[in-house]
Amino acid sequence: MAKSKFEYVRNFETDDTCLRNCYIVVRLDGRNFHKFAEQHKFSKPNDNRALGLMTRSARSVMEELEDIVIAYGQSDEFSFVFKRTSTWFKRRASKLMTHVASQFSSSFVFYWKEFFGEQPLLYPPGFDGRVVLYPSNRNLRDYLSWRQADCHINNLYNTVFWTLVQKGGLTTVQAEDRLKGTLAAGKNEILFSEFDINYNNEPVLHRKGTTLIWEKREETVTKSMKLPNEEEKDVAVTRRRKTVEAHHCDIIGDQFWEKHPDILEDDT
Ligand code: DGT
Ligand code: MG
Ligand code: MG
Ligand code: MG
Ligand code: MG
């Protein structure tokens, strides 16, 4: 086909191909969710409907897009890890990132009712995205550990903060003052000695966030079959199928990775 004289404008596009052999991480974060949570009356510090909707949307991203091997989410954020060898969209960062962000956002709206019932969605939510490349398994694991540590630090703080307010009758300013300079042990101590709460018994979803991975599950379905010269009958057929499964466990230590050796590719 003959090229038009305008074709040259293509050359203004920048090359954003992601470096080979690296894991490609796309992290999304809710835009101004401080306000979004207020307006939609999210419970404090954790709203299980909102967390469920985030996870449902992330599942849709993994099911609809190629090559995502693990996703980790907490609060208003989700990280998606593309396998090292992925050649999806020629590894173009903008393509990968915008597909993740738009699939996630449309799913968030699409599945809203499943989690919030009749409570209306008041305005269209948005999510920002960024791409980060990690060259080694250690770097990738440290990235995911960083996000899970962030989940822990924030959840411990928020749990004590809102307990002081909701059960201790402090104002938000007083609660903030009370927590200034405290370390993790001090926060645990306030919960335990003043409110009889053992932080380790708080819901694991809130303490550890949500990890999504592909797993093979056996699935039994009944099929009606008809063999020649026989009557039609129902037969149980077992199939192995890959599905996205959610875990709320520690991903900082080795145990999770030893249990799921297929997630990471060899470093060598
Ligand atoms: P950004 O990301 O710079 O556009 O601004 P924000 O407001 O989204 O800030 P960010 O992402 O650092 O913090 C997440 C906000 O979302 C934080 O203000 C608390 C809120 N949020 C997230 N999950 C929940 C929840 O389950 N319950 C409530 N009440 N708030 C939540
Ligand atoms: Mg932010
Ligand atoms: Mg945000
Ligand atoms: Mg956030
Ligand atoms: Mg097109």
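Helices (H or I, at least four residues) and strands (E, at least two) are taken as DSSP runs and numbered from the N terminus. The model is predicted, and local features require pLDDT of at least 70, side-chain atom pairs count only at pLDDT 80 or more, and totals for chains, interfaces and linings use all residues. Residues are numbered from 1 along each chain as its sequence is written, and chains are lettered from A and ligands numbered from 1 in the order in which they are written.

Ligand 1 is surrounded by 16 residues, a residue being near a molecule if its C-beta atom, placed from the backbone, lies within 6 Å of it. F33, H34, A37, F42 and D47 are the closest. Two or more residues of this shell are given by each of β1 (23–30), α1 (33–39) and α2, and the largest share, three residues, belongs to α1. By class, the shell holds six nonpolar, five polar and five charged residues (nonpolar: Ala, Val, Leu, Ile, Met, Phe, Trp, Tyr, Cys and Pro; charged: Asp, Glu, Lys and Arg; polar: the others, Gly among them).

Helix α2 comprises 17 residues (48–64). Its buried residues (20 or more other C-beta atoms, placed from the backbone, within 10 Å of their own) are A50, L51, L53, M54, T55, S57, A58, V61 and M62.

Helix α5 (residues 137–166) meets helix α7 (residues 184–195) through L156, Y157, T159, V160 and T163 on the α5 side and A184, K187, I190, L191 and F195 on the α7 side, contact being defined by C-beta atoms, placed from the backbone, within 7 Å. Seven nonpolar, two polar and one charged residues make up this contact.

Technical notes
Expected span 1.5 Å × (residues − 1). Buried ≥ 20, exposed ≤ 12 C-beta atoms within 10 Å, placed from the backbone. Axes fitted to C-alpha atoms, helices over the stretch in contact; angles between N-to-C directions. Contact = placed C-beta atoms within 7 Å.
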